[in-house]
Amino acid sequence: MGNLKHTAGWRRMITVMVALLMAGGLFTGNSVQALSLTDVTMFGERVQDVIPEPEGPELEIYSDHFDDPDNYGTSGGIAIPSPWLQEGAGNSKAKTSVSATAPSLPNLVKIDATDVLALPLNLTGYGNIKLSYYTRASSYISGSVIIEWSGDGGGTWSTLEEFKLTPGTVEQPNKESNQSKSQRLDSSANNNAAVKIRFRAGDAMLANMYIDSVVISGQAIPGITPAPSPVPPVTDPDPEFTPPEGVILYEDVAIGMAGDRIQYASIAVPEHAPAEPMPVMVYIHGGGWNHGDRKQALSSICNYVLKRGYIGVSLDYRLTPEAPFPAQIQDVKLGIRYLRAHAGQYGLDPSRIGVWGSSAGGHLASLLGTTADLTVQDSVYLDTGATVAVPDLEGSGGWPEYSDKVQAVADWYGPADFTTTFADNYSSVTALLGGHHALSVPEQARLAMPGTYASPDDPPFWIRHGDKDATIPYTDSVTFAGQLKAAGVPVVDLDIVAGQGHGFTGTASEEANAEAWVFMDQYVKNRVVTEPILYKEGREPAEDDTPNEEPEWIETEVGTLQPTDDAVIDSSKPDLNFNQATGSSTGLFSISSGASTQKYVYFKFDLTEANEAGDRYLFKVAAKKGSSNTDTELSLYGIDAGNWTESSITWNHAPVTSLNDAAFIGKFTVDCRK
């Protein structure tokens, strides 16, 4: 027998070849009844890929200071959301706790009861991994927090620290102020896509024990491309939200395309439309450009309607795990253009649009303010001395003829300066710039900064930043305000607020919010419109595109709905054919509405014999109220799709499930009194 000594790949090939020889019928003849292989021995050594040693500067891979108000609030008691995992027994959840002496203001995270707070990490491309964090304890009698990590997704765990104090008593509890700590993971974490870290309650907790400012850092591994995102995408389900009385909430409005998928917005309008079009306040969420979504602000935009007199809008945008800059600004510009294109539908004034954003949302709000209607045909002068083409800030999501100008900007502690060492080491900026550290791509970094595009015709800016902000240095806002003023922007209201972090609390929060609304009322709600804003300059439709007068209608019935040409589809029951389920199509469709589902009624008319040029069609439909005793608004859309039948159509097999692919015809209200 010959000895075989090859790599693992060769061993696999030999095994397959033996199986093929046995199965392939190479032995023929009646004398061969069976084949037995004996004394077969494989020799070899396990061959592993050699991972280069990590090198270069220490890089921030991921950080969370638990202070972003969109995700963590500013009043405490918020369960820590994705990408963190709550794995505590009995649904025990680690929550925020507000403190004026937190390492980063305003929040810490309290670990209590049976809390287990875990963070999955994809560390592909990184090595020499370090975990940094703060601990703190008060009213301590007993208890501990165990900090540990796993290299196999949570199968086995290695303890990094057990945080505990000398036992105290009820009369004399112990305490420990904020302590900065760091732990180094062993080399098995290098280039490992299945790392997990966690903070969990250990000994029975008779204390207040906290963590804060968690940072994962390491060095790059030469020749290995880092993971697009070190943390998994957010998986928290959208909570059900019921709008308050007096508000109609369009929770999932398809506004256009974000790359190759549909983008959505949430729009809140008054239940009873006012006589005149209303001003608009657009909210852009924060989250380091890598997490968060528009539905965090549903309550806020409803309050814009009820308490502030604005139509409220909350926008989504592509996050950096999906696409780098400029995808984010393309999506929010799409939102502004959509609003102008549908001003009549929502009863909004296209010449009075304000925008409000915090953290990463503040950055995008500011970019909206400084890049109004810029295209790739424009150029911009950089502080490096170069004049370069403007990147594609507009995108191709839809409504290109409409303007994306806004009339005022409220920027809450938004990142704005990507020329600093801080920005170079900030993992969220690196992801925004497509995986490049800011100082390594100076031109690209500057083209993502709102101050780069500042010009005298920019709208008024209101900027607030706390001097204790550990997430985004307040100097970013100082630099940005300086760029605006140097460019001749007429109104720049900057205030660096003492004692506040990344999210204002208490009286400072109340005062800043009041100031922001006074500012918005002055420059948006009470704005005197002398030149209406609808289309981009030079993109106005030709006068011939609009008829001078309404022609006389001569009504002729050209189509009647057949019994088999109406159907219902429901996104919450994507594979259900309602005709088969109910066994009948006679009578009324009974459809209940929900905050997170979409329900459409399909009607089919054959108009092939009524296609004279200039013909217009009047669609008549009847509806009645249900048991809710509330007015219900229904919208009509037109599509050219007749390839469906009542007995087979489902949500998953419908010609159109996105209203973005349909033409809006009009809407009507079913009066609850009828």
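Buried means under 20% relative accessible area, exposed means over 50%, and partly exposed is what falls in between, with a 1.4 Å probe and protein chains only. By that rule D252 is partly exposed, because its relative accessibility is 24%. This is a predicted model, where local features need pLDDT of at least 70 and side-chain atom pairs count only at pLDDT 80 or more, while totals for chains, interfaces and linings use all residues. Residues are numbered from 1 along each chain as its sequence is written, and side-chain values use heavy atoms, with hydrogens and water left out. Helices (H or I, at least four residues) and strands (E, at least two) are DSSP runs, numbered from the N terminus.

**Nonpolar cores**

- A nonpolar core here is a set of buried Ala, Val, Leu, Ile, Met, Phe, Trp, Tyr and Cys residues joined through side-chain atoms within 4.5 Å.
- The largest such core has 64 residues, and I267, V282, I284 and F418 have the most contacts inside it.
- Helix α4 supplies the largest share of this core, 6 residues.
- Another core, of 39 residues, lies apart from it, with L121, L131, I147 and A207 among its members.
- As background, nonpolar side chains tend to be buried together in soluble globular proteins.

**How α4 meets α6**

- Helix α4 (residues 327-341) packs against helix α6 (residues 360-370) at about 65°, and their axes are 10 Å apart.
- For those values, axes are lines fitted to C-alpha atoms, for helices over the stretch in contact, and angles run from 0 to 180 degrees between N-to-C directions.
- The α4 and α6 crossing is right-handed, meaning that the near helix is turned clockwise from the far one by less than a right angle.
- On the α4 side the contact uses Q328, I329, V332, K333 and I336, and on the α6 side L364, L367 and L368.
- Those contact residues split into 6 nonpolar, 1 polar and 1 charged.

**Salt bridges**

- A salt bridge is scored when a side-chain nitrogen of Lys or Arg is within 4 Å of a carboxyl oxygen of Asp or Glu.
- The count by this rule comes to 20 salt bridges.
- E148 pairs with R200 in a salt bridge, with the closest N and O atoms 2.6 Å apart.
- E148 sits in strand β7 (residues 145-150) and R200 in strand β10 (residues 195-201), so this pair ties together parts 52 residues apart in sequence.
- E148 counts as buried, at 3% relative accessibility, whereas R200 counts as partly exposed, at 24%.
- K295 and D252 meet through their side chains in a salt bridge, 3.0 Å from N to O.
- K295 is in the loop between β14 (278-284) and α3 (298-308), D252 is in strand β12 (residues 247-258), and the two are 43 residues apart.
- K295 is buried, with a relative accessible area of 12%.
- E322 and R261 also meet in a salt bridge, 2.8 Å from N to O.
- This pair links the loop between β15 (311-315) and α4, where E322 lies, with strand β13 (residues 261-270), where R261 lies, across 61 residues.
- Both ends are partly exposed: E322 at 43% relative accessibility and R261 at 29%.
- Salt bridges with shared partners join E251, D252, R294, K295 and D316 into one network.

- S82 and P83 are joined by a cis peptide bond, with omega about 15°, and P83 lies in the loop between α2 (69-72) and β2 (85-86).
- F325 and P326 are also joined by a cis peptide bond, with omega about 15°, and P326 lies in the loop between β15 and α4.
- F66 is not a glycine, yet its phi is positive, near 60°.
- F66 lies in the loop between β1 (55-64) and α2 and is buried, with a relative accessible area of 0%.
- S213, not a glycine either, has a positive phi of about 50°.
- S213 is placed in strand β11 (residues 206-220) and is buried, at 6% relative accessible area.

How values were computed: Contact = heavy atoms within 4.5 Å. Nonpolar A, V, L, I, M, F, W, Y, C, P; charged D, E, K, R; others polar.
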